[in-house]
Amino acid sequence: MKKAVFFDIDGTLMDCLNGITDIRPRVKKAIRLLQANGDYVFIATGRPYAFLNESLYNFGFDGFVLTNGAYVKVKEKCIYKECLKKDFVRELMCNFEQRNIQYILQGETYSYIKDEYKKLHSFYDSFGIPKKYLQSEYDSEKIETYKIEMLCDDKNGIDYCLSLANEDYDYIHNIEEKSFELYSKSNTKATGILKVLDFLDIPVENSYAFGDGKNDIEMLSTVGCGIAMGNAEDYVKKHAKKVTDTVQNDGVALEIERFIC
């Protein structure tokens, strides 16, 4: 029976802030071994398509669970998508602009960010986010938004962003960087993964996932075997069945070599 293995990006396959801007050679080799065995390999990320660099585009993954499960592709086929409601996005944009909150609307292929949002552009530059699929000219009524990221300069903006969590929406907050990711609770990496498994007719017990962050918790506890990175926080590790080494020490490769293959 074939297996399906899902990989987070930041803190799992890469660590851009600490100089790991590509999948390390040993990890590439281990993932290729899975493919050689006939197993499927997927990216499962909070990033939109526009935030994937060329090495991820061209690696040959079997698909992508993007924007925390709001957009899912197997090969070149979209098997699921659910955008945020346009009236909700419209209201957010108005409130962001009143509070000087810089934001980006993350879409299907392109993501949309104003040229004047210099701090947010600089923030993405630090992660090596490519510019190829970023657009500054857009009509918000004609685009679909799957996730929104924000950068706040002051307490007023931070307090507003903190207030957005409710029964329908949740966020990830990086206190040091004053950044937020806002997404629908109805879509997670776990729901996206389950859609992939159903599409490929692979039982859950034959699925694996690697991750390190808050938005990885559901997928780690949903797949057959969730594997937390050694650099994950303890509250993430407790939701995994296994804990491997850090991204810096090729933790993904170590666990594939000794456990999955």
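Start by selecting Lys-189, which counts as buried at 1% relative accessibility. Keep in mind that you are looking at a predicted model.

**Stop 1: around Lys-189**

Is Asp-216 buried or exposed? Asp-216 is buried, with a relative accessibility of 0%. Bring in Asp-8 as well, and you have a network of salt bridges linking Asp-8, Lys-189 and Asp-216.

**Stop 2: the sheet**

Next, switch to cartoon view and pick out the strands. You'll find an open sheet of 6 strands, in the order E8-E7-E6-E9-E11-E10, with mixed pairing. Its edge strands are E8 (134-135) and E10 (169-174), and each of them pairs on one side only. Zoom in on the E8 end: strand E7 (residues 111-112) runs parallel to E8, and the two pair over 2 bridges. Show Tyr-112 there and you'll see it opposite Gln-135 of E8.

Helix H3 (residues 86-98) lies across strand E6 (102-106), strand E9 (147-151), E10 and strand E11 (179-184), and it runs at about 160° to E6.

**Stop 3**

The whole model has 20 salt bridges. For one of them, select Glu-108 and Lys-81, whose side chains meet at 3.2 Å, N to O. Here too distant parts of the chain are linked: Glu-108 is in the loop between E6 and E7, and Lys-81 is in strand E5 (residues 77-81), 27 residues apart. Glu-108 is partly exposed, at 30% relative accessible area, and Lys-81 is partly exposed at 42%.

Now jump to Lys-155 and Asp-159, which form a salt bridge of 2.6 Å, N to O. Both sit in helix H5 (residues 155-162), and they are 4 residues apart, so about one helical turn separates them. Lys-155 is exposed at 60%, and Asp-159 is partly exposed at 36%.

**Stop 4: the rings**

Show the aromatic side chains next; there are 19 aromatic pairs in the structure. Tyr-171 and Phe-180 make an edge-to-face pair, with 5.6 Å between centres and 70° between planes. Tyr-171 is buried at 17%, and Phe-180 is buried at 1%.

Move on to Tyr-208 and Phe-259, which are edge-to-face because their planes stand at 80°, with the ring centres 5.9 Å apart. Tyr-208 lies in strand E12 and Phe-259 in helix H9 (residues 251-260), so this pair ties together parts that are 51 residues apart in sequence. Which of the two is partly exposed? That's Phe-259, at 33%; Tyr-208 is buried at 12%.

For the last stop, select Tyr-49, Tyr-57, Tyr-110 and Tyr-133, which ring pairs link into a cluster.

Key
Residues are numbered from 1 along each chain as its sequence is written. Side-chain values use heavy atoms; hydrogens and water are left out. Two strands pair if DSSP finds at least two bridges between them. Contact means heavy atoms within 4.5 Å. Axes are lines fitted to C-alpha atoms, for helices over the stretch in contact, and angles run from 0 to 180 degrees between N-to-C directions. A salt bridge is a side-chain nitrogen of Lys or Arg within 4 Å of a carboxyl oxygen of Asp or Glu. Buried means under 20% relative accessible area, exposed over 50%, partly exposed in between (1.4 Å probe, protein chains only). Rings of Phe, Tyr and Trp (its six-membered ring) pair if their centres lie within 6.5 Å; planes under 30 degrees apart count as stacked, over 60 as edge-to-face and the rest as tilted.
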